[in-house]
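Morning, everyone. I have one structure to show today, and I'll keep it short. Please have a look at it first.

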Amino acid sequence: MSAQNVADLAHPQAGKPAASYIYHNQDGAPVLIANRFNKSDGSKFFMPFDVTRGEWKAPESRPLYNLDKVTNAAPTEPVILVEGEKCADALTALGYLATATYGGCNALRKADLSPLRNRTVLIWPDFDEPGLSYAEKAADTLRREYDASAKVIPISETLLRKVMLRREAEHGSNPPTYCKGWDAADAVACEWTKAHIDNLLSYAEPSDPANANAKPASPDTAASSGGMADIEVWKTPDGEPYATLRFDGHFEHWPIGSGAFKKFLSFQHYQETGKMLSQAALDDQRRTYEGQALFGGDTQPVFNRIGRLGRTVYVDLGGTDWKAVAINSEGWQVIDHPPARFTRSRSMEPLPMPATSGGEINLLRPFLNTATEADFQMLVAWLIGCFHPKGPYPILILNGEQGSAKSTTARVLRNLIDPANPIARSAPNSEQDLVIAAKHNHVLAFDNLSTIKPMMADAFCRIATGGGFGTRKLHTDSDEMLFSATRPCLLNGIPDLAGRPDLADRAIIVSLPVIPPTERAFEGEFDKALNAVMPRILAGLLDAVSAALANLASVRLTERPRMADFAKWVSAAEPALGWPQGAFLEAYAANRDSGDRATVEGNPVGLAILKLVQDEVRWSGTMTELKATLRNRYPLLTDDPYSFPRQENKLSAAIRRIVPPLRRMGVEISFARQGQAGERVLKIRSA
């Protein structure tokens with residue numbers, strides 16, 4: 001049915017409707033029209049028109065409003081279920097995925113809710129008793145029949161006043177009153193932004209704990225355990241069981257297998273009975289929760305410090321109140337109940353509360369020991385890159401002599417993203433050590449490294465750009481524990497740590513100058529001055545992240561360097577940083593050129609080949625001939641068998657690793673076979 005036909009639609013007795021809302025099938029074809037008619041007394045009534053049958057009657061099976069949008073959206077995108085089409089349209093105009101059912105609560109059983117199967121559904125009821133009843137019935141139906149993660153916003157005057165007071169405080173006006181039936185369309189009419197609506201959505205919760213795999217606690221237990229009301233169990237996409245515990249004013253998310261959860265169960269039993277659980281009973285209770293989570297719980301992502309749901313990035317502030325920062329393309333705000341589920345390690349420390357105004361990243365300059373403006377830009381770029389929810393993340397390598405404030409610079413940077421105690425660790429001895437650190441930290445910081453083993457260099461490369469790690473779960477069985485993660489890494493040391501070309505290709509390398517003795521600051525004074533401006537520095541970073549979210553889709557890179565997603569993300573943040581367009585890419589290219597030179601100069605094989613090209617411009621021959629040529633001409637570079645391979649196959653592997661930086665420095669290396677015997681020949685020339 002065309003738009004003109006809808007406009008001409010008129011009921012034989014009621015006449016033309018005041019408004020019409022079209023329900024489509026999953027292919028976008030209209031199937032049902034909800035028509036609103038106004039009475040002379042100011043009231044309204046609805047009459048449906050079945051497009052398929054051409055009659056003024058609603059079909060028995062009724063599609064969801066915006067069904068075509070729901071069908072084509074990503075399965076992980078949350079759906080907001082509201083009571084009326086007007087509310088759905090208002091939220092859709094702001095970029096949300098919103099839907100409604102025709103006929104409200106009384107006709108809910110006739111609505112086809114199957115497109116919401118296995119999805120996350122946030123139900124926004126009208127502010128009245130019928131609205132809350134509709135929400136509870138819809139949530140119960142979605143959970144029981146469609147395995148959906150259905151949560152209801154507990155609309156109340158207290159909650160609305162809390163959110164709207166914050167909104168009106170920002171706009172400098174008094175909050176409006178709330179009338180019966182206040183809904184999502186009214187919120188949009190009151191000029192709520194996405195940030196304010198996100199705040200309201202963050203309060204959504206299962207309306208019936210029993211149907212949400214929750215175990216109610218007795219009033220005595222709730223009071224004695226800090227206000228705990230229930231336990232919700234769920235699992236991560238990797239199949240790790242978790243429990244969400246509601247304490248007074250906030251939620252906490254604990255691995256069911258953790259020692260903390262076991263202690264909590266034991267304490268809870270003691271509060272209820274006055275007796276301690278036996279170890280066997282405790283294990284049985286924990287395994288019961290574990291089974292409920294694995295085979296009956298919802299699947300939800302879990303995050304450490306930074307996570308993304310839909311169009312919003314959330315940052316766990318790490319405080320005891322479990323507040324978080326919600327960042328989207330319109331700005332950011334601190335919220336009480338983040339919908340993103342964060343887990344915390346013992347080492348996590350809180351971030352400072354960001355300043356509500358006056359964010360300024362340039363306040364960071366006096367606290368970073370950089371030699372050039374480009375170096376400062378690279379450190380800021382790395383910070384902004386850490387806020388990307390998925391990565392990849394460049395590895396930041398700080399090097400310099402003693403007295404160049406490498407550890408202090410690393411501490412300042414990490415404290416703006418993921419503060420922890422200890423702030424940095426010694427070098428990991430194995431890939432498993434790195435995996436354990438990544439499990440519990442968003443930023444991996446390693447201090448005072450003297451070298452990086454080849455095996456660990458490969459592990460750093462995988463964790464920076466994304467990769468999987470596997471190890472045996474227990475020594476007593478053959479189960480495998482798989483862990484997939486991408487994390488920002490920060491390394492510092494006196495020597496050049498990027499000797500391996502593949503590591504250098506993923507790195508930002510900043511050399512710090514030595515600080516003269518007369519200019520060194522006392523640590524106490526330094527920390528006091530830094531703490532005074534940290535809230536504004538963090539606010540400046542959050543402003544930049546919001547700008548990145550707003551501009552990312554419009555950024556076009558003329559060239560795509562390695563870590564292109566990182567380059568695009570930081571380029572999108574440039575307007576909020578006050579940098580000219582392209583300033584970051586220029587600094588990034590210069591940093592990569594400097595890194596290439598350092599990599600080749602620190603690699604005897606690469607440096608010997610570079611000297612060979614400078615002497616001869618062109619060279620060709622077998623690997624055996626190349627080895628003999630390099631050893632004869634440049635003995636100082638090739639005498640050490642540990643740095644210059646003696647076997648041809650190992651020399652070939654070393655050359656292949658150094659090819660990318662040499663190519664960027666104007667040296668072309670190619671491998672080919674020639675002659676009837678197919679002898680492998682290496683060709684080297686200056687480009």
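Predicted model: local features only at pLDDT ≥ 70, side-chain atom pairs only at ≥ 80, totals over all residues.

A few more overall values. The chain holds 22 helices and 26 strands. Its accessible surface is about 31,900 Å², and carbon and sulfur atoms supply 49% of that. Now take the contacts with a separation of 6 or more: 63% of them come from residues 24 or more positions apart.

Where is it? Look in the loop between strand E11, 298–299, and strand E12, 302–303. Is glutamine 300 buried or exposed? Its relative accessible area is 11%, so it is buried, since the cut-off is under 20%. What does glutamine 300 touch? Leaving aside residues up to four places away in sequence, the list is Thr120, Ser149, Trp234, Lys235, Thr236, Pro237 and Arg341. Serine 149 also makes a polar contact with glutamine 300, side chain to side chain, at 3.1 Å.

Last stop, two helices. H16 covers residues 523–551, and H17 covers residues 564–577. Their axes come within 7 Å and cross at roughly 120°. That angle makes H16 oblique to H17. The crossing is right-handed.

Which residues meet there? On the H16 side: Asp543, Ala544, Val545, Ala547, Ala548, Leu549 and Asn551. On the H17 side: Trp569, Ala572, Ala573, Pro575, Ala576 and Leu577.

That's my tour. Thanks.

Definitions and conventions:
Residues numbered from 1 in each chain as written. Heavy atoms only, no water. Helix = DSSP H or I, 4+ residues; strand = E, 2+ residues; numbered from the N terminus. Buried < 20%, exposed > 50% of the residue type's maximum accessible area, 1.4 Å probe, protein only. Polar contact = N/O pair within 3.5 Å; in protein donor to acceptor, adjacent residues only side chain to side chain. Contact = heavy atoms within 4.5 Å. Areas by Shrake-Rupley, 256 points an atom, 1.4 Å probe, with all protein chains shown as cover. Axes fitted to C-alpha atoms, helices over the stretch in contact; angles between N-to-C directions. Parallel < 35°, antiparallel > 145°, perpendicular 65-115°, else oblique. Left-handed = near helix turned anticlockwise from the far one by under 90°.
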